[in-house]
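Here is a model to walk through, one piece at a time. Have the sequence and the 3D view open as you read.

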Amino acid sequence: MSGRYYDTGWWTTAMAVRLRELCEKQPLLTYAEMAADISHEFRVALTRGAIGGKIARMGLPERRRGRGEAPVILPESPRKPKPVPAPKLPGLSLFDLTYGACRWPILELPTHEYRFCGAQKLPEGPYCAEHAKRAFQPQRRS
Ligand SMILES: [Zn+2]
């Protein structure tokens with residue numbers, strides 16, 4: 001991956017990466033839905049127009065989907081794109097972790113936050129049964 005996007009304003013690289021991901025993986029999303037998604041994730045207030053402009057500047061395929069037109073579906077995409085406005089992230093954020101929740105980090109976000117497993121942890125140790133097993137296994141080198 002060598003894509004780097006510099007831009008004026010408050011578009012960050014992480015936001016641009018997310019936008020590209022949305023364009024590629026969820027081609028049914030409208031600009032308004034993308035704006036809502038990215039605004040929610042990065043706690044900014046993007047407009048539909050900002051998305052359209054950014055897509056044009058990044059050279060991503062623009063889509064002009066008018067009312068009543070069939071949505072554009074990428075023919076070679078093996079996965080079915082799901083038109084969800086705000087994707088639900090797996091696990092829990094640091095702020096949602098409760099005392100009894102497993103603290104195994106499962107995902108690092110572009111914002112350098114982590115998501116944690118969040119399953120019921122064992123009485124001893126910070127992890128659930130599955131992750132306790134993994135934590136105490138020697139790391140395999142590949
Ligand atoms: Zn766990």
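Is Ala50 buried or exposed? Ala50 is buried, because 20 other C-beta atoms lie within 10 Å of its own. The cut-offs here are 20 or more such atoms for buried, 12 or fewer for exposed and anything in between for partly exposed, with C-beta atoms placed from the backbone. Ala50 sits in helix H3. Its C-alpha is 9.6 Å from that of Trp11, although Ala50 and Trp11 are 39 residues apart in sequence.

## What kind of model this is

This is a predicted model, in which local features need pLDDT of at least 70, side-chain atom pairs count only at pLDDT 80 or more, and totals for chains, interfaces and linings use all residues. Residues are numbered from 1 along each chain as its sequence is written.

Mean pLDDT (the predictor's confidence in each residue, from 0 to 100) is 80 for the protein, and 73% of its residues reach 70 or more. Residues 1-8 are another matter: pLDDT stays under 50 there, and the model has 5 contacts beyond four places in sequence for this stretch. Contact means that the C-beta atoms of two residues, placed from the backbone, lie within 7 Å. Where pLDDT is low, the predicted coordinates should not be read in detail.

## Overall layout

The protein has 4 helices and 3 strands, and from the N terminus on they run α-α-α-β-β-β-α. Both kinds of element are DSSP runs numbered from the N terminus: H or I over at least four residues for helices, E over at least two for strands.

Of the 142 residues in the protein, 18% are buried. Taking contacts between residues at least 6 apart in sequence, 40% join residues at least 24 apart.

## How the helices cross

Start with H2 (residues 31-42) and H3 (residues 48-58), whose axes come within 8 Å and cross at roughly 100°. That makes H2 roughly perpendicular to H3. For the record, axes are lines fitted to C-alpha atoms, for helices over the stretch in contact, and angles run from 0 to 180 degrees between N-to-C directions. Angles under 35 degrees count as roughly parallel, over 145 as roughly antiparallel, 65 to 115 as roughly perpendicular and the rest as oblique. H2 brings Tyr31, Ala32, Met34 and Ala35 to the contact, and H3 brings Arg48, Ala50, Ile51 and Gly52. By class, that gives 6 nonpolar, 1 polar and 1 charged residues. Nonpolar covers Ala, Val, Leu, Ile, Met, Phe, Trp, Tyr, Cys and Pro; charged covers Asp, Glu, Lys and Arg; the others, Gly among them, are polar.

H3 also meets H1 (residues 13-25): their axes come within 11 Å and cross at roughly 90°. That makes H1 roughly perpendicular to H3. Ala16, Leu19, Arg20 and Cys23 of H1 touch Ile51, Lys54, Ile55 and Met58 of H3. This contact has 6 nonpolar, no polar and 2 charged residues.

## The sheet

The 3 strands make an open sheet in the order E1-E3-E2, with antiparallel pairing. E1 (92-93) and E2 are the edge strands, each pairing on one side only. Two strands pair if DSSP finds at least two bridges between them.

E2 (residues 105-108) and E3 (residues 114-116) pair over 3 bridges, and Glu108 stands opposite Tyr114 in E3. E1 and E3 pair over 2 bridges, with Leu92 opposite Phe116 in E3.

Most residues other than glycine have a negative phi, and most peptide bonds are trans. Look for Arg43 in the loop between H2 and H3. Arg43 counts as exposed because it has 8 C-beta neighbours inside 10 Å.

His112 isn't a glycine either, and its phi is positive at about 65°. His112 lies in the loop between E2 and E3, a hairpin with 5 residues between the strands. With 7 other C-beta atoms within 10 Å, His112 is exposed. The C-alpha atoms of His112 and Ala14 are separated by 9.8 Å, and the two residues are 98 residues apart along the chain.
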